[in-house]
Every structure is written in C-alpha cells, then in structure tokens.
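Dear colleague,

Here is the structure that I promised to pass on to you. Please open it beside this email, and then read on for what was found in it.

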Amino acid sequence: CLLFLFFFQSLNMGRGTRKRDEDSGTEVGEGTDEWSQSKTTVRPPDQLELTDAELKEEFTRILTANNPHAPQNIVRYSFKEGTYKLIGFVNQLAVHFSQVGNLIPKDSDEGRRQNYRDEMAAGSQESVKVVLSDTENLEEDEEPKEAEAEAEAEAEAETGSQIDVPTVEAVETVPEEELMTPRQPKERKLTNKFNFSERASQTFNNLLRDRDCQMEPPPRTNFSATANQWEIYDAYMEELEKQEKTKEKEKAKTPVAKKSGKMAMRKLTSMESQSDDITKVTQAAKIVERMVNQNTYDDVAQDFKYYEDAADEYRDQEGTLLPLWKFQNDKAKHLAVTALCWNPKYKDLFAVGHGSYDFMKQSRGMLLLYSMKNPSFPEYTFSSDSGIMCLDMHMDHPYLVVVGHYDGNVAIYNLKKPQTQPSFRSTAKSGKHTDPVWQVKWEKYDDMDHNLNFFSVSSDGRIVSWTLVKSELVHTDVIKLKVEGSTTEVPEGLQLHTVGCGTAFDFHKEINYMFLVGTEEGKIYKCSKSYSSQFLDTYDAHNMAVDAVTWNPYHAKVFMSCSSDWTVKIWDHTIKTPMFIYDLNSAVGDVAWSPYSSTVFAAVTTDGKAHVFDLAVNKYEAICNQPVVAKKKNKITHVQFNPIYPIIIIGDDRGHVTCLKLSPNLRKMPKEKKGQEVQKGPAVEIAKLDKLLNLVREVKT
C-alpha cells in the first residue's frame with residue numbers, strides 16, 4: 001500500500017510541473033517589438049564615405065602564375081665557364097597543402113581485408129538496432145504488469161510498511177544501460193606471414209643526405225647529310241679530273257718511269273685508303289693496346305716500380321741486374337742494334353737504330369721508337385734503304401731525330417709528321433760522307449741565326465757540321481783527321497797524308513768548342529772547332545779501334561773510352577796517360593756513365609755480359625758481371641742509362657733490346673750520419689771523383 005501511495009504522489013507532482021511550464025510558455029510577449037523593427041547597418045568609425053559613382057567604379061585585377069615571393073636573383077657556380085652565373089628559371093610553385101595517400105585495388109588481399117572489416121562494422125550496427133527494437137517491445141508488454149503492481153502497492157501502503165524504492169529502480173536501470181550501449185566489434189587480427197612481432201622502441205632516425213655532382217656534359221654534334229643527284233654527279237666529276245691529271249703526268253714520263261710510277265701509285269692509293277680508315281680509331285686503339293699490355297706485363301711493371309733485391313743487404317760490394325721487358329720487332333729480326341738513345345723529354349720513350357756491322361751483309365735499316373708502356377710494338381717505325389749506324393735526339397726539340405747511314409748520308413726524321421720518309425736528307429751534292437757515319441750529335445747551342453745544327457764523324461776522316469737552313473742541309477767541314485807521322489813525299493814535291501778514320505766523338509759538357517774524336521787506329525784526338533788544321537792534344541789510347549768515347553757528366557776533366565782491345569780506360573784530359581784501366585776479357589762494344597753518380601758506369605762486351613762499375617765502392621773490378629744474352633753467338637752492341645729511373649737498356653746484334661733494373665748496391669747513395677744532413681748535388685759528385693783521382697795521381701808521381 002505504501003508503495004502505491006508513493007507512486008501516485010509522484011505522478012501528481014509531475015502533472016503539476018507540466019501545467020506550470022505551459023503557463024510560463026504563454027507569457028512570451030516581451031521583445032517581440034525589437035524583431036518587428038527594420039534592420040539598420042552599423043558602420044565602423046574609420047570607414048571612408050564614398051559617393052555612389054565611386055562605389056560603382058570597377059577595379060580589375062589580373063591573377064598570374066608568378067609567385068611574388070619567389071627569389072629572382074639566385075646565382076650558382078658554373079664549372080664549365082668558371083664563374084658565378086644568374087639562374088634564369090625560378091620555380092614559381094607554392095604548395096599550401098599536401099597529403100600523401102594510396103589506392104588499393106579491390107581484388108588485392110588488402111582490399112578484401114578492408115571490405116571484410118567494413119561489412120563486420122555494418123553488421124554490428126544492425127545487431128544493435130535489432131536489440132533496441134526488442135527492448136521497446138518488452139517495455140510495451142510490461143505496462144499492464146506495472147498497473148497490477150500499482151494496485152498491489154496501494155494495498156501495501158495501507159498497512160504502513162515501507163520499502164527502499166531507489167534500490168529497485170537502480171536494479172531495473174542496470175540492464176537497460178547495458179542494452180543501450182552498442183557492442184563494438186572486435187578487430188580481426190591479420191595472419192602474420194613474415195614473423196613480425198609488434199614491439200615499440202624509440203630510435204634515432206639518421207638524416208638523409210643528398211650528394212650532388214655537377215660535371216661538364218660530354219660534347220655532342222648532330223650530323224646530317226643528303227645524297228642528291230647533283231652531289232653524286234659532282235663527286236664523279238672530281239674523280240674524273242684526278243684521273244685525267246694522273247694520265248697527263250704519265251704521258252710526260254719515260255717508259256721506265258711509267259712502270260715504277262704505276263706501282264708507286266697503286267701503293268699510294270692502297271695506303272691512303274687504309275690510312276683513312278685507320279686514323280679514325282688510332283688513338284682509341286693505342287689506349288686499348290696499352291691497357292691490354294699493362295695487364296699482360298703486370299708482374300714486370302710491379303717489379304719495375306717496387307721490387308728491390310733483398311739479397312743486396314748480405315752482399316757488401318756486389319749487385320745484380322733484374323731483367324724486365326724485352327723489345328723486339330719482326331721487321332728488324334735480322335738487323336743488329338747499332339744505336340740507342342733516350343728521349344730527353346719523355347723518359348719512357350727511347351729510339352733504336354737497326355743496321356749491320358758486317359760490311360759484307362749490308363741491306364736495309366730501321367728506326368724504331370719504343371715506349372715502356374707498350375713493350376709489344378713500337379710507337380714509331382721508319383725504314384731506310386741503307387743501314388742506320390748512329391742516331392741522336394734533340395734536347396729542346398725531342399721530336400727531331402738525326403741518323404747516320406752506312407752509305408755516308410745523314411737524315412733528320414720529324415716524329416710530328418706522319419710521313420715515313422725523312423724531312424731532311426743529305427745528298428752527294430750537299431757534301432755527304434763517302435764512308436759510313438759512325439756517330440752524330442746535336443749541338444746544344446744554335447748558330448748565330450738560330451738555325452739547328454749537328455755534327456757527324458765518318459771513316460772518311462771528316463768531321464762535318466750540318467745546319468738546317470730553310471728546307472735544306474748546309475754542311476761545313478770542321479776538321480779532317482790525319483794520322484801523325486804518316487806523311488810521305490812524292491818526287492814531284494807534294495806531301496801525301498794518311499787519312500785518320502773517325503769512329504766516335506763527344507763534345508765537352510761545359511767548354512763548347514772542345515771535343516774528342518776516337519779513331520780506328522786507337523788514338524784519341526782532342527780538337528777545337530776554331531782550329532781545323534791541328535789537334536789540341538793526342539792520346540795513344542788503345543791498340544785497336546776506339547768504339548766509344550764520352551765525357552763524365554759531372555767532372556769537367558774526366559772522360560772514358562773503350563775499344564775492341566778488351567779495355568776500358570778512364571782519362572784526365574790534362575794527363576796523357578789513363579787514370580784507370582780495366583780489362584774485360586772480351587771486345588768492349590759500348591760504355592755509358594750513369595746520370596746519378598760520377599763514379600758509376602756500365603760497359604758491355606761481345607761475349608754477352610754487362611759490367612757495372614762503381615769506383616767509390618771498388619776501384620779494381622766491376623761490382624756486377626752478369627750475362628744478359630743466353631746464346632753464345634749473340635753479341636751485345638750498346639748500353640744506355642735511363643735519365644731518371646734505375647734501369648738500363650742493352651741492345652744486341654739480333655735486333656733485341658733488353659731492359660734491366662739495377663739492384664740497390666749498384667746505385668748506393670751516401671749514408672746518413674747522426675746529426676748531419678746528406679749532401680747531394682754536382683759539387684758532391686765532383687769531390688767524390690776528385691778524391692779517387694788524387695789517389696791515382698799521387699801514385700803516379
């Protein structure tokens with residue numbers, strides 16, 4: 001009964017409140033006049049007062065794609081022109097918003113997973129709606145039950161019993177709240193295909209770096225040509241004109257000259273066609289050839305650069321020669337090496353003269369220039385009708401090579417010109433020698449008119465100065481060699497002199513006018529350019545022909561000679577007797593001073609051995625005796641030191657040139673003393689050789 005009374009009172013109170021709201025809602029008369037009044041515009045105090053004409057005036061604005069805030073004066077460095085240049089194009093794009101997105105195809109696995117998730121979410125919302133509709137139906141069914149419950153509550157109220165109502169309402173509201181909240185569908189976890197575990201960790205992200213490189217673009221050329229009918233006609237006409245000219249020249253020639261001319265023309269045309277094709281790829285082919293050779297001879301190149309004979313530490317006064325490259329050419333197979341000379345500018349380039357020392361087997365000659373970068377084939381090849389007996393390369397113009405021939409001619413080859421014939425050549429009219437030319441030398445100082453000139457010596461007893469005047473060689477006889485004490489008187493009162501046969505000569509390094517001449521009689525003459533009738537001095541040097549004579553590169557008084565009488569002698573030109581004499585047990589073909597020491601020199605003998613001496617280490621014998629040529633019949637003819645590298649080249653009579661590296665004992669430098677710097681230079685080398693000469697002079701006196 002109490003419960004029913006309480007429910008009835010609350011119902012009456014609710015009805016009373018509704019009536020009050022309705023009564024209060026009818027009293028809305030206040031403020032209606034404000035809305036009914038007309039609206040007025042409110043102007044800001046700083047607004048301009050304009051007339052109707054000014055208001056109606058139109059102002060047009062043109063929108064452009066240029067960004068007003070974009071910089072217009074950006075400069076960047078141009079590596080091509082070497083200056084800073086203004087950039088003409090500036091990016092006018094201004095990005096206000098950007099978002100990165102992606103599209104997934106429906107048929108893909110990821111697209112199917114997303115569709116599945118959307119369907120699951122839509123199904124869960126429908127289930128929530130169904131649950132809500134079921135709850136409403138339940139509330140409608142419970143209304144009559146509530147009326148019965150109210151009657152029971154009124155009866156209980158009469159008895160005066162009281163029950164806690166709020167607890168019942170709380171119990172009833174709990175399931176309603178649970179029904180009203182929609183159930184969120186659980187996300188379906190995707191299957192893990194890559195064994196990935198979800199673990200979060202905060203790491204430092206490295207900054208991205210951009211590396212840019214600006215380079216000069218490779219040059220490009222566009223070539224286009226058309227072959228029209230008239231162009232083909234012009235080409236045929238030019239060819240016809242050439243043929244007519246050649247026919248006219250042939251008519252003017254004799255029948256014998258015609259045959260030789262035809263053969264020459266055929267050779268020229270074939271050579272021209274070949275050269276046109278070859279010159280296009282000459283440079284590229286040369287580079288590729290050197291690359292291939294560098295790989296082929298890599299072990300030899302490594303030895304040349306880095307190998308040092310470790311055994312020299314245990315040999316105090318002995319050294320060895322390490323063979324490196326061997327230079328040979330099939331065209332010069334049966335020709336002897338008659339001359340060797342290093343290029344004064346390019347230290348890896350050297351010239352080789354090929355001929356024959358056997359006067360019964362004289363044929364042709366060849367001039368070859370090899371580079372250590374390409375041992376398999378010569379860089380330049382020149383052939384001649386007569387054997388080449390000597391050569392020399394100009395100091396200031398390293399592309400000019402002068403050669404002396406067996407037939408007495410001298411010639412100058414220009415390496416810059418592609419022609420195979422010499423640029424200058426002597427003739428019988430221009431005063432060529434009548435016997436083989438045994439040595440030629442460029443003069444360091446040009447004549448008064450700055451014309452290039454060189455000297456030559458021959459078996460005819462003449463020492464000739466040759467000058468290049470315009471396009472011809474002009475000769476001047478410097479001196480004529482005569483054998484002293486060989487004058488004979490003829491009954492008619494005339495005197496006959498025996499001509500001395502010159503074999504070698506060398507100019508003094510400092511005194512320009514003085515030079516030495518070696519002869520077949522074994523004598524050495526000290527001569528001057530100023531006196532052509534007599535000698536400055538005469539040395540009874542050898543018992544056989546003098547093969548070589550050379551001044552020391554450091555000491556002004558010392559020179560060296562070698563001969564076929566098996567000896568090498570070192571002289572002081574102020575004394576007529578030799579300072580040192582070395583017997584090598586075989587004919588000595590050539591000697592050469594080293595460029596790095598005044599006391600080191602090399603000699604080669606016909607038994608195939610190379611001998612290296614260092615007077616500062618051993619005054620009595622060579623510190624290296626090594627056979628270079630394997631065969632007994634093969635003879636060594638010439639030797640030369642490289643100007644900067646510790647190597648020598650040796651030529652033999654089979655046309656082969658062998659390059660050998662000197663071991664550390666053969667190029668010993670003065671040892672460093674504690675607290676003292678090692679003195680180097682020409683003065684030290686002169687003092688070293690003077691010390692040895694003074695010992696010999698004291699013994700002789």
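A residue can join a surface patch here if it has over 30% relative accessible area and no salt bridge, and nonpolar side chains are joined within 5 Å. Please keep in mind that this is a predicted model.

With that rule in hand, you can find a nonpolar surface patch of about 580 Å², which is made by V75, Y77, F79, Y84 and L86. The elements that give two or more residues to this patch are strand 1, residues 75-78, and strand 2, residues 83-86.

Strand 10, which covers residues 410-414, gives another picture, since 5 of its 5 residues are buried, so the strand is largely enclosed by the rest of the structure. In a regular strand the side chains alternate between the two faces of the sheet. Accordingly, you can look for V410, I412 and N414 pointing one way from strand 10, and for A411 and Y413 pointing the other way, all of them buried.

Strand 10 also has partners. Strand 9, residues 400-405, runs antiparallel to strand 10 and is joined to it by 5 bridges, and G404 has V410 as its bridge partner in strand 10. The hairpin of these two strands has 4 residues between them, and there G408 takes a positive phi near 95 degrees. Strand 11, residues 424-425, is likewise antiparallel to strand 10, with 2 bridges joining them, and in strand 11 the bridge partner of I412 is F424.

With best wishes

How values were computed. Residues numbered from 1 in each chain as written. Predicted model: local features only at pLDDT ≥ 70, side-chain atom pairs only at ≥ 80, totals over all residues. Heavy atoms only, no water. Patch = residues over 30% accessible without salt bridge, like charges linked within 9 Å, V, L, I, M, F, W, Y side chains within 5 Å. Areas by Shrake-Rupley, 256 points an atom, 1.4 Å probe, with all protein chains shown as cover. Salt bridge = Lys/Arg side-chain N within 4 Å of Asp/Glu carboxyl O. Buried < 20%, exposed > 50% of the residue type's maximum accessible area, 1.4 Å probe, protein only. Pairing = 2+ DSSP bridges.
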